[in-house]
Amino acid sequence: MPVVETVLRSAAPASLDFTLHDDQHGFRVAETGYELISEGADGLSAIELSMLLLASYCHDIGMSPRRDKVKNHYDWLLTAERNLLSSVEQNQFQSWLDTNRSGITAPVEVNRVSLSGIKIADEAIAYYARSKHNDWSEEFIRDQVADLNVSLYAGWIHDLVTLCRSHHEGLVQLRQDKFSTKYVGSPASPVNLRYLAAILRVSDILEFAPERTPSVILRNRNIAPSSRIYWYKDHSISFNIDHASKRLFFSAQTPNAAIHKAVLQTAEWVDNELALAATLQQENLFASGVISEAHRSSYDWPWPSRLVSDIREIPGRFTYIDGSFRPDTQKLLATLSGTALYESNLSAVRELIQNALDAVREQIAYTRLQFTDPMEPNAIQSLANLHHVTVSLTKDGDRIFLKCEDNGTGMTRAIIERHLLISGSGIRGESRRLERAAQERGFAVERTGRFGIGVLSYFMLADSLSISTRRSQEAGDPDVASWQFTISGVDGFGELTSDSRSSRGTSVTLELKPEVIGKDANHFYSKLEEYIRSTFRWLPCRLVLRREFDKVSQIHIGPGWAEEANSHDNYLTFSMFEEGAIGDSLLIREEVALQSDVIRFKEAMIAQSRATINWTPAQERQLPDGKGVLRCSIPSFDFFGHNSNIFVESIDNNLEFLWREHCFKHPTIDNRTSLHGISVDNLIRIDDCLFDLDLRSHFAVMADRSKIIGKLDTDTFQFMKSFRIDAWLNFLNDHNQSLFNELNVAYAFIPPSRMQQVLREQPAWVVRPFGSKLARCALLDQPIISVGRLSFHTWANQHMKMMDDRAEAMPVYLDDESLNFALHHLYCGGRLVVQSGSMTRQMLGVTWDSISDMRMINDKVSGNTTTFPSDLSHLFCALLPGKTLFNADHEFTKRSSSYNNHSSHSSHLNDVIKHLEAGSRSAEDAIKFVVNAAQWSERPWQWMQENKQDELRAIFTLAQIDDVPLGVIDCSKYNEDASIVRLDRAAYSKKEITEECPTIDEHSTFASVERNGPR
């Protein structure tokens, strides 16, 4: 005993917040125990009294563990140095962290430990020590007590460990045979471990003397606020054992609500222990064992099953209520299992399948961990093909059942009891350990479950459910029995029984509510199929949907991506054409005939688009850092072997078409985003190619799983943009000989520096001979003019007429003119041409006298130049819709020719100020500023003239354009007058910065306009 007392007296607890577990605590537990048995002490053997005394001191000695043990755990959590703990200790500690601290891992923080990290480690160590104190008490007993020159009987150390551990075990364990009375030693003496355990438990819980929580220590230790009430409460309690009446009196007057709550909790704990002892007495378990009747009568338990309590507030201080927020369980369960949380009752199908897929993911992960190479592609594909989730809709008379079966990991009794039935239990500890083991081998499990509430949603579909399950051997759980669990209603009480299931996995059977099915079970099956197809985008195994009544049918989805690109054909088609129909309005015969023609034409175009649509083979890439996977495919239309990304309403499916405003159709693509294969709100804002994005990690989701929380990070967006460009370049290279190549390049919106890889020296474009209503896509082999600005509503009737009537490379307008493509967006050189006469609402264009005059654009100023008419020679550039053309002969163009042309159309005050600051740093920055700011609208220039002219003048001086006229003709707006903005005036004078465009002589502008008349 001296060794034990010395350790208890001198050692410190793992956390100074814990109440004292010193030698005096052991003494008081022994003292209370003796008082409980005082009248029957003579009936206990000397060995029993010795064991009870030793247990009183040793049962909590693990609360004062060796300091090196605590320090090594603490240091390991902060540093992850492997030599601090054995592999067994590391695994035990990490397993506890997985279950009790949301899976934090060592080191808590990388590189530098903050106060926050230290706080996390302090708290984790304190509560881990408390959870381990039974084990550490056993270590002490076997290491220290066993070395004492004492031997009560053979095996007494083992029995002492059993007795000490019993104070944290439950009724099920105390019923076990190892606690039954037996004879030991010579001469034989009885030892009733069950009776001693009851005395120890009640004595320990009754130890609330103020000496255990002295005020001076409370002040000196600076106890955490969350622990202080357990120090204060003992000073409010009075306790008395009445041997005459065999009653236990518990009274308290409490000074505040928190202490009152703690005292009530303490009384409840005592009542629980008394009730447990009374149960053992009622079951006659204290008298069980191989002993004589004389000894059997010594183990009578005289104490009641609960305290006589008198707990009240100190008058005038406060009025006690249960002041904590607590759920109305029935209403909360109803909310979590209803459409108040989920969008529709079919969301339960998603939750059902998702849970099955998670079980399959875990089973595949356990299997891969057994492979020498868990990353071998063929083995991974084989595992995907071997596993399945099968959803069946079946009939039994008038009853309809939905069954979901998988061959995943299955469940144990503990998983059913502690996780399936506990809403919000979150991720299991073994799942965290599996995820970590997988990461160490280079892959991820990719579970989707997060909240632990999905099973409640099943009751949106059904009033009862039945689960049959068997745990897989690969999971390594000792419980590999088969179990069946049934329950009726979300507020029902379920029953767990043994099951005859022989294969691993789980099947969940729901008896569907009649109102869920509706009048037609086949219609419900169709809805179910449509929902599953739209919800599950990527699958780790096969997903099978079966209808097992009427006309039996089934569909297979996965493994991998759930659908191919061509499943989008209908969506693409109807994004370009609206179905025509004759309405109910009164129409005269000619109107009916006209509308019928329109309908027939649309139907023909729909049929043509469906017949000609093609998709590139899907390209797939992994996002950086395991964030997910991205798949891309590009659609096009095949016109006699020439692929175009824009649909053209051609005549008789050839390359000639009637030129009109809406003859080009822009297909809209329905891109999808999913998290672990399950659809969420789309995060992709790209509509010129099919992107399937499946996110795998680093992302949180709303509780109803409809939306990702937060946004994609910049790196992911840049990765997607780069992938898109590469996919387009592959397409353009593969179809470089198409007559639509240049139009496809314009539509692709790839950087000018990359365009040169796919543009041709002899381009093709949409050409309309002068005076013709028909246009065709053809290689250019003659002088050509590219129309740059059409400001007329009837622009299809407008021609820019050159003196030699050269053909027009027509602009292509999409989406009500919000997208426009022109030949001069891709090629520079040639000459700027302007309609003759007034410059109001000018029509501009570029003409090339020969194909050799055309130069592919690039991202430099020099790559976007053309020759300006002499009347406009003072202009630096012309702003056309979608393009800026620089005057090849202007002095400042020559000076800035090597600079990038990065247009920044910003009129926001802060952006303008930021650009001004950047432009004032150096001569190079000043030139960059002028090049980019020249492409702004008039408004920011006017503001700079009025408010920042000094700064603007300084920039112009740095750029060495003090005396150079610098004008910009702005024709970028379709329905506004053309105007010239004098940038040099904004910097050097207070004059109006805009000026009227001059009257242009026909001979100096090279072009005139001719109108064909109404269409």
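The protein has 32 helices and 46 strands. Both are DSSP runs numbered from the N terminus, with helices being H or I of at least four residues and strands E of at least two. Buried residues make up 50% of the 1015 residues in the protein; here buried stands for under 20% relative accessible area, exposed for over 50%, and partly exposed for what lies in between, using a 1.4 Å probe and protein chains only. Among contacts between residues at least 6 apart in sequence, 68% join residues at least 24 apart, where a contact is a pair of heavy atoms within 4.5 Å.

A word on the model itself: it is predicted, so local features need pLDDT of at least 70 and side-chain atom pairs count only at pLDDT 80 or more, while totals for chains, interfaces and linings use all residues. Residues are numbered from 1 along each chain as its sequence is written, and side-chain values use heavy atoms, with hydrogens and water left out.

In soluble globular proteins, nonpolar side chains tend to be buried together. In this model the largest nonpolar core has 91 residues, and those with the most contacts inside it are Phe664, Leu695, Trp728, Ile750, Trp765, Phe821 and Leu823. Helix H23 (residues 714–734) gives the most to this core, with nine residues. A second, separate core holds 56 residues, including Leu36, Ile37, Tyr195 and Ala197. A core of this kind is a set of buried Ala, Val, Leu, Ile, Met, Phe, Trp, Tyr and Cys residues joined through side-chain atoms within 4.5 Å.

Helix H7 (residues 156–165) is mostly covered, with eight of its ten residues buried. Those eight are Trp156, Ile157, Asp159, Leu160, Val161, Thr162, Leu163 and Cys164. They pack against helix H3 (46–58), helix H6 (115–143), strand S1 (182–184) and helix H9 (193–205).

His73 sits in helix H4 (residues 67–79) and counts as buried because its relative accessibility is 3%. Leaving aside residues up to four places away in sequence, His73 touches Leu85, Glu89, Phe93, Ile125, Tyr128 and Trp136.

Phe536 belongs to the loop between helix H20 (521–535) and strand S12 (538–539). With 1% relative accessibility, Phe536 is also buried. Its contacts, again not counting residues up to four places away in sequence, are Arg350, Ile353, Leu357, Leu543, Ala562, Gly677 and Ile678. Of these, Ile353 is 183 residues apart from Phe536 along the chain, yet their C-alpha atoms are separated by 9.4 Å.

Helix H27 (residues 909–919) has Val912, Leu916 and Gly919 as its buried residues. These cover an arc of only 70° around the axis, so they lie on the same side of H27; the arc is that of the directions from the helix axis to the C-beta atoms. The face turned away from that buried side carries the exposed residues Asn910, Lys914 and Glu917. What covers the buried residues of H27 includes helix H28 (923–933), H29 and H30.

How do H29 and H30 themselves meet, and at what angle? Helix H29 (residues 938–947) and helix H30 (residues 949–958) pack at about 105°, with axes 6 Å apart. The axes are lines fitted to C-alpha atoms, for helices over the stretch in contact, and angles run from 0 to 180 degrees between N-to-C directions. The two helices are therefore roughly perpendicular to each other, a label given to angles of 65 to 115 degrees. Trp941, Met944, Gln945 and Asn947 in H29 meet Gln949, Leu952 and Phe956 in H30. By class, this contact has four nonpolar, three polar and no charged residues. Nonpolar here covers Ala, Val, Leu, Ile, Met, Phe, Trp, Tyr, Cys and Pro, charged covers Asp, Glu, Lys and Arg, and polar takes the others, Gly among them.

## Backbone details

Most residues other than glycine have a negative phi, and most peptide bonds are trans. The table lists some exceptions.

| Site | Backbone value | Loop |
|---|---|---|
| Ser186 to Pro187 | cis, omega near 0° | Pro187: between S1 and strand S2 (189–191) |
| Gly558 to Pro559 | cis, omega about 0° | Pro559: between strand S14 (553–557) and strand S15 (560–561) |
| Phe749 | phi about 50° | between helix H24 (741–748) and helix H25 (752–755) |

His676 also counts as buried, at 5% relative accessibility.

Terms used. Parallel < 35°, antiparallel > 145°, perpendicular 65-115°, else oblique.
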